[in-house]
Amino acid sequence: MSHEYVIVPRYDALVALTVASLMLSGVAYGLIRALWTTRDSNSREVAAQLASEAIDQARNTTDVPNLAGTTYTKTVDGTTFTVVRTISTYLSNGASSPCDGSGNASVKYKKIAIRVTWPQMAPGTKSVRADTLLTPSASVYDPTKGNVAVKVLDANAKPVEGVMVRAQGSVDNDVQYTDDSGCAFFDGVTPGAYTVTATLTNYVSRAGVAVPSASTTVTSGNTSSVAFDYDLAGALRVNLVADPNYPPPANVPVELYNTALLPDGTTSYAGSGSTRTLSTLFPFASGYSVWAGSCTDADPAGVSGGTTPFHPGGVRPAAVITSSTGSPGTTVQMAKIRVAVLTTLGSAIPGSQVVATHAGTATCDATESYTLGSTDGGGQLKASLPWGTWNFTVPGRTVVTPVTVNFDPSGSEIYVEVRVS
């Protein structure tokens, strides 16, 4: 006798398990949110207390003219809070910031601003802030002293808050932090020459300098102005191998172009390897055009004598925007060359080293001479070089006729023949 068994799925149990799982997920999410909210609320209460203490400390000062910006940390219940104090000076001429058209106006009052932050702030949480005004007595100011006004703006001409600015002279060496208008104002400083620097972690100037500096001279009764372009550093990944069959020299420099770069819109970066990451770039909104080689004729749009193009019709590569959170990539294009080393009678010479040296009248940021490698069994080798004029030699042999070749921007392979004795 045969028996048939029919298995009936228990959909009701499956549904119950699914519903229970969803409910538990919702409960867990709710608990996590509640913990975050409680923790954030407690942290904000501590931050508010620290801000209040900092305000009281500033109010109790007896030396208002020399009250300086500062930053410090304080750990409470395992959480480290960062407290930043900035000083905003308001002048008698009514300017919204002493860094904007301050001239020789007198100090009317000072705003003390406190900003407190802490790690693991909840998304969207703002820093805790507090401020107060101090009105100094006019008698405390020395008319023989002067002022230094320092303005710090980012790549979009927006003020950068919290930058440590130092004004160092032969007598005074003072520190202030930029306020929410990007201004650091030093009043009542001794006349003379000053070096002004700006410092903020991971920030660079338009020249890619982490701690930019500027010189200024302070005179009695006047305000000297200094300005910095300063923003969070961006990065760019540059690939020098457009075609793996034509390897470039390992140490060829990389050139970057942006009209805002002084003095001529370009800057050169030395390095080695086929792929490099440039990580200290000012994040210009217009980005950078990139090519290989530091000589002016390596620039596809480079000119000789300021007027005559090295490569008529040449166009620079499209600009690439940097990123502070990643490394956007770009691959540079170079001249693809095939070099043949032959005897005077035209026989191939295997195993010959080939050296390419930049030639011509173009100026270079660095000396460029590269050993491209050794010829194969057929007396040839392939390589990539920056655009421009190059001279080819074979160490240990005499080149019968000097070989100087100009490479224009092109995607085609260029044949170079070197006959030696």
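Buried means under 20% relative accessible area, exposed means over 50%, and partly exposed is anything in between, with a 1.4 Å probe and protein chains only. Keep that in mind for the cysteines below.

This is a predicted model, where local features need pLDDT of at least 70 and side-chain atom pairs count only at pLDDT 80 or more, while totals for chains, interfaces and linings use all residues. Residues are numbered from 1 along each chain as its sequence is written, and side-chain values use heavy atoms, with hydrogens and water left out.

**The disulfides**

A disulfide is a covalent bond between the sulfur atoms of two cysteines. Here the working rule is a pair of cysteine sulfur atoms within 2.5 Å, and by that rule the count is two. Counting bonded cysteines along the chain, the pattern is 1-2, 3-4.

| Disulfide | S to S distance |
|---|---|
| Cys 99 to Cys 183 | 2.0 Å |
| Cys 295 to Cys 364 | 2.0 Å |

Take Cys 99 and Cys 183: their link is right-handed, with 75 degrees about the S-S bond. Cys 99 sits in the loop between β2 (79-91) and β3 (107-117), and Cys 183 belongs to strand β8 (residues 183-189), so this pair ties together parts that are 84 residues apart in sequence. Strands here are DSSP runs (E, at least two residues), numbered from the N terminus. Cys 99 is buried, at a relative accessible area of 13%, and Cys 183 is buried too, at 1%.

Now for Cys 295 and Cys 364. The torsion about their S-S bond is about 100 degrees, so this disulfide is right-handed. Cys 295 is in the loop between β17 (289-292) and β18 (303-304), and Cys 364 is in the loop between β22 (353-358) and β23 (369-374), so the bond ties together parts that are 69 residues apart in sequence. How accessible are the two ends?

Two strands pair if DSSP finds at least two bridges between them.

Which strand pairs with β8 over six bridges? That is β5 (residues 146-153), and the two run in the antiparallel sense. Within this part of the sheet, Gly 146 stands opposite Val 189 in β8.

Terms used
Helix = DSSP H or I, 4+ residues; strand = E, 2+ residues; numbered from the N terminus.
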